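The sequence and structure come first.

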Amino acid sequence: MYRVWMDCDSGFDDVVALMVLARAPGVELVGISTVVGNTHIDNTTANTLAAVEFCGLDTPVYRGAAKPLAQEPQTIERILGAGAMGTLGRRFPAARGTEADTDAVAAMAATLRAAQPGSVTILATGPLTNIAVVLLLRPELAAAIDSVVMMGGSATSGNHTAAAEFNAYADPEALDGLLRSGVAVRMFGLNLTRQILLTPDHEQQLRALGTDRAAVVADHVGFYLRMIDSTAPQPMALHDPSAAAYLRWPELYDLQPARVDVELSRSIGRGATFCEFRVPRKAQPNALVATSVQGHEVMARVMSELQTLLT
């Protein structure tokens with residue numbers, strides 16, 4: 001049984017990551033926190049609340065950091081659409097419920113404090129601000145964390161800049177804090193997520209389900225596939241759900257020990273992640289980095305989960 005805390009900056013692909021876990025046997029979602037990233041904190045929180053209700057979950061949602069540790073927010077609504085939830089038409093219904101009264105840092109700390117050693121897995125699909133603050137304030141709580149499974153970074157090139165993946169760029173100081181904390185880190189970067197492709201065929205499979213719920217998700221998938229060219233859908237990497245899918249089907253992934261460092265300078269390389277795989281000869285490892293995956297099989301299983309949830 002995985003006891004999972006999800007920390008997210010919803011965003012469409014965070015929502016799909018939640019859908020992958022929503023009905024997963026052996027996964028207990030103990031809490032969900034929001035963070036500024038894809039969009040501002042009001043939007044990430046509203047999007048997450050809507051997704052939780054859409055999935056039929058009763059997991060509490062906690063509002064988290066509205067700013068990164070050492071810079072202004074780096075949102076990307078200009079790419080992802082209004083509220084980071086671009087769509088061809090239909091939208092997720094607005095949530096009827098509200099966020100929890102407790103803030104994300106206090107709630108995460110309380111959950112870890114009450115947990116058995118190594119019993120909580122943190123799935124991080126946005127910038128790592130909330131997690132870094134918890135570990136800075138209460139470093140002893142690291143003992144309760146089995147691992148942080150994070151979508152972010154890259155062992156190759158970036159996407160937000162030539163060097164940096166967006167989540168790493170959005171709060172590199174937070175990522176650096178996590179990597180220095182001693183917590184087990186499993187990194188699912190662009191080198192991995194680009195092996196798992198969402199395609200126009202998947203959009204059509206969703207539309208073929210014929211339900212209102214499926215049509216909502218298909219319209220968001222359709223926008224995502226047309227972000228580069230609004231007139232011609234093209235395959236796109238399935239970023240955040242790639243990390244969530246690992247919690248379901250780890251046998252489909254290969255991970256290698258590495259030393260991961262993040263560039264903190266205010267230069268063109270800010271947010272870049274450097275993965276040294278020649279361990280321990282060249283450096284001591286501080287993470288497991290996902291390097292390869294059976295991408296077609298992951299997509300087939302993700303689609304099966306979505307079809308079950310949407311019909």
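The sections below cover the model, its helix packing and its backbone geometry.

## Model and record

This is a predicted model, in which local features need pLDDT of at least 70, side-chain atom pairs count only at pLDDT 80 or more, and totals for chains, interfaces and linings use all residues. Residues are numbered from 1 along each chain as its sequence is written, and side-chain values use heavy atoms, leaving out hydrogens and water.

An unreviewed UniProt entry lists residues 4-298 as "domain: Inosine/uridine-preferring nucleoside hydrolase"; such annotations may be inferred rather than shown by experiment. Over residues 4-298 the chain is 35% helix and 19% strand, with the end C-alpha atoms 20 Å apart. Helices (H or I, at least four residues) and strands (E, at least two) are DSSP runs numbered from the N terminus.

## Helices α4 and α5

Helix α4 spans residues 104-114, and its residues Ala104, Val105, Ala107, Met108, Ala109 and Leu112 are buried (under 20% relative accessible area, 1.4 Å probe, protein chains only). They pack against β1 (2-8), β2 (27-34), β3 (61-62), β4 (120-124), α5 (129-137) and β5 (145-151), where contact means heavy atoms within 4.5 Å. At the start of α4, a side-chain oxygen of Asp103 lies within 3.0 Å of the backbone nitrogen of Val105.

In α5, the buried residues are Thr129, Asn130, Ile131, Ala132, Val134 and Leu135. Their packing partners are β1, β2, α4, β4, β5 and α7 (172-180).

## The α1 and α11 pair

The axes of α1 (residues 12-22) and α11 (residues 239-248), lines fitted to C-alpha atoms over the stretch in contact, come within 7 Å and cross at roughly 15°. The two helices are therefore roughly parallel (angles under 35 degrees). On the α1 side, the residues that meet α11 include Asp13, Val16 and Val20; the α11 residues include His239, Ala244 and Arg248.

Arg248, in α11, is buried at 16% relative accessible area. Its side chain makes a polar contact with that of Glu305 at 3.2 Å (N or O atoms within 3.5 Å, one able to donate a hydrogen and the other to accept it). Not counting residues up to four places away in sequence, Arg248 touches Val20, Leu21, Ala24, Pro25 and Glu305.

## Backbone geometry

Most residues other than glycine have a negative phi, and most peptide bonds are trans. The peptide bond from Ser10 to Gly11 is cis, with omega near 5°, and Gly11 sits in the loop between β1 and α1. Val279 and Pro280 are also joined by a cis peptide bond, with omega about 0°.

Ala84 has a positive phi, near 65°. This residue is in the loop between α3 (77-80) and α4 and is buried at 1% relative accessibility.

Note on methods. Buried < 20%, exposed > 50% of the residue type's maximum accessible area, 1.4 Å probe, protein only. Axes fitted to C-alpha atoms, helices over the stretch in contact; angles between N-to-C directions. Parallel < 35°, antiparallel > 145°, perpendicular 65-115°, else oblique.
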